[in-house]
Amino acid sequence: MKRDEVFEFFRRLAEANPSPTTELESGNAYQLLVAVVLSAQATDASVNAATKPLFERIKTPRQMIDLGEEKLREAIKTIGLFNTKAKNVIALSQALIERHGGDVPRTREELQALPGVGRKTANVVLNTAFGEETFAVDTHVFRVCNRTGLAPGKTVDEVEARLEKIVPQPFRRDAHHWLILHGRYTCKARLPECWRCPVIDLCRYQPKTPPPEERAKSSAARTGSRASSAARTGKGRTASRPTANRSRSRPNRLP
């Protein structure tokens, strides 16, 4: 996209949602870090369901260590990969106590040095907890950036680098939230809802998904056409069948 198109792209997303934020529920930076680690290959809703009762009791790394891995596994067993995630949460909690006095570090390098914390998780924490202008590229952001032509790239690192280069102020701080929410609720993976997209004219995706009523009419027309074709084919086959009483000629026998 051209520079003015990128600006307009984010301006419209901002107009539709002036105060975007993560849908993961947390009360402090430590709880946010834990929630993001738990959200890998899981939905935010499933993580929130598990962490709501957990976070009522656990607010610090020390409290998590005191809880223990076994009880943590039980608390998050509804989340995918809960065994590995419980092990990582206990390990990163111990690392926070030993290396950072129990505080969540404010640099990407220090965050990524924690067990179970990758670049995307570090970017989310830096952005949401500390207000840094980072671009966390998850599956939604990767899809939206490639599908629309906003920031195409073959890898998440390429997409992140492209966003870092093109996203203008005043949209940099909230850009990845807008992109995540747009991908989650409008520019969906299987069937993008183009008919209600605020940036439809800027998007490079083709063909655009028509509204539900148009798709319903098109589906009904195809069904009718198939039924009519089947009926014609059936009649043709019936007409071409030999009658039951038709005699068949036999070859003469040799003398």
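A pocket here is an open set of grid points with protein on both sides within 12 Å along at least five of seven lines, and its volume is the space filled by probe spheres set on those points. Keep that in mind while you work through this predicted model.

**Exercise 1.** Work out how much space lies in the second largest pocket, and which elements give two or more residues to its lining.

*Solution.* Start with the volume: about 170 Å³. Next, go through the lining, which is made up of Leu13, Ala16, Asn17, Trp178, Leu181, His182, Tyr185, Thr186, Arg196 and Pro198. Last, sort the lining by class, and you get six nonpolar, three polar and one charged.

**Exercise 2.** Describe the largest pocket: its volume, the residues closest to its centre, and the elements in its lining.

*Solution.* First, the volume is about 410 Å³. Then look at the lining, which has 23 residues; Ser39, Asp44, Lys120, Asp138 and Arg184 are the closest to the centre. Moving on to elements, α8 (119–130), α9 (139–148) and α11 (175–185) each supply two or more lining residues.

**Exercise 3.** Which element gives the most to the lining of the largest pocket, and how do the lining residues divide by class?

*Solution.* Take the element first: α11 comes out on top, with five residues. As for class, count eight nonpolar, 10 polar and five charged residues.

How values were computed
Residues numbered from 1 in each chain as written. Predicted model: local features only at pLDDT ≥ 70, side-chain atom pairs only at ≥ 80, totals over all residues. Heavy atoms only, no water. 1 Å grid on protein atoms, 1.4 Å probe; cavity = no way out; pocket = protein on both sides within 12 Å on 5 of 7 lines; lining within 4 Å. Helix = DSSP H or I, 4+ residues; strand = E, 2+ residues; numbered from the N terminus. Nonpolar A, V, L, I, M, F, W, Y, C, P; charged D, E, K, R; others polar.
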